[in-house]
Amino acid sequence: MDNVMDITVTVNGTRYQRAVEPRMLLSDFLRHELCLTGTHVGCEHGVCGTCTIVLDGQSVRSCLIFAVQADGHEIVTVEGLGTMENLHPLQEAFREAHGLQCGFCTPGFLMTLVPFLEENENPTEEEIRVAIAGNLCRCTGYQNIVEAVKLAAERMRK
Ligand code: FES
Ligand code: FES
């Protein structure tokens, strides 16, 4: 195929090599090329936060990055967080504190919060609210999400 570039990315610990068009968004690459559909797509212009992933340790919006820009980098998506049998403490806390309803926004919240809690293991409520200010949820009203983050932080400190 004309106009494709070879890229190599590590996603959730697995190395992938693919030939992609330069215009392909990283969010589409993850979903359509790698079938990692846990990364959701809402607005596709950087507003809703639902496509958030962790790239080289930082949370980023995968709809604002081209797949070719991820060449040589390390990505973690929600699929890399926990398993059904062994949930990540954040996932467990979201479940217990009712931090989700439809769940569409949840992967984005989780992938925003993982690096945040790594950097700040004892955040104030205000810091939590600032951390998730770029993630939109149409269901929960945010209160239970904040409670879930507090619960996860407390457990992760132990
Ligand atoms: S889909 Fe990326 S920020 Fe909304
Ligand atoms: S739980 Fe439905 S959008 Fe957040």
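Which residues does T52 touch, not counting residues up to four places away in sequence? Here are some friendly notes on that and on the packing around it.

1. First, the ground rules. This is a predicted model, where local features need pLDDT of at least 70 and side-chain atom pairs count only at pLDDT 80 or more, while totals for chains, interfaces and linings use all residues. Residues are numbered from 1 along each chain as its sequence is written, and side-chain values use heavy atoms, with hydrogens and water left out.

2. To answer the opening: T52 touches S59, V60, R61, P107, G108, M111, T112 and N135 (contact means heavy atoms within 4.5 Å). T52 sits in strand β3, residues 52-55 (strands are DSSP runs of E, at least two residues; helices are runs of H or I, at least four; both are numbered from the N terminus). Its side chain reaches the backbone oxygen of G49 at 2.6 Å.

3. T52 counts as buried, at 5% relative accessibility (buried means under 20% relative accessible area, with a 1.4 Å probe and protein chains only). C105 is 53 residues away along the chain, yet the two C-alpha atoms are separated by 9.6 Å.

4. The largest nonpolar core has 24 residues, and L90, F94, F109 and L113 have the most contacts inside it (such a core is a set of buried Ala, Val, Leu, Ile, Met, Phe, Trp, Tyr and Cys residues joined through side-chain atoms within 4.5 Å). Helix α3 gives the most to this core, with seven residues.

5. A second, separate core of 17 residues includes V20, F29, I53 and V68. V20 is in strand β2 and is buried, with a relative accessible area of 1%.

Notes:
Chains are lettered from A and ligands numbered from 1 in the order in which they are written. Buried means under 20% relative accessible area, exposed over 50%, partly exposed in between (1.4 Å probe, protein chains only). A polar contact is a pair of N or O atoms within 3.5 Å; within protein, one must be able to donate a hydrogen and the other to accept it, and residues adjacent in sequence count only if both atoms are side-chain atoms.
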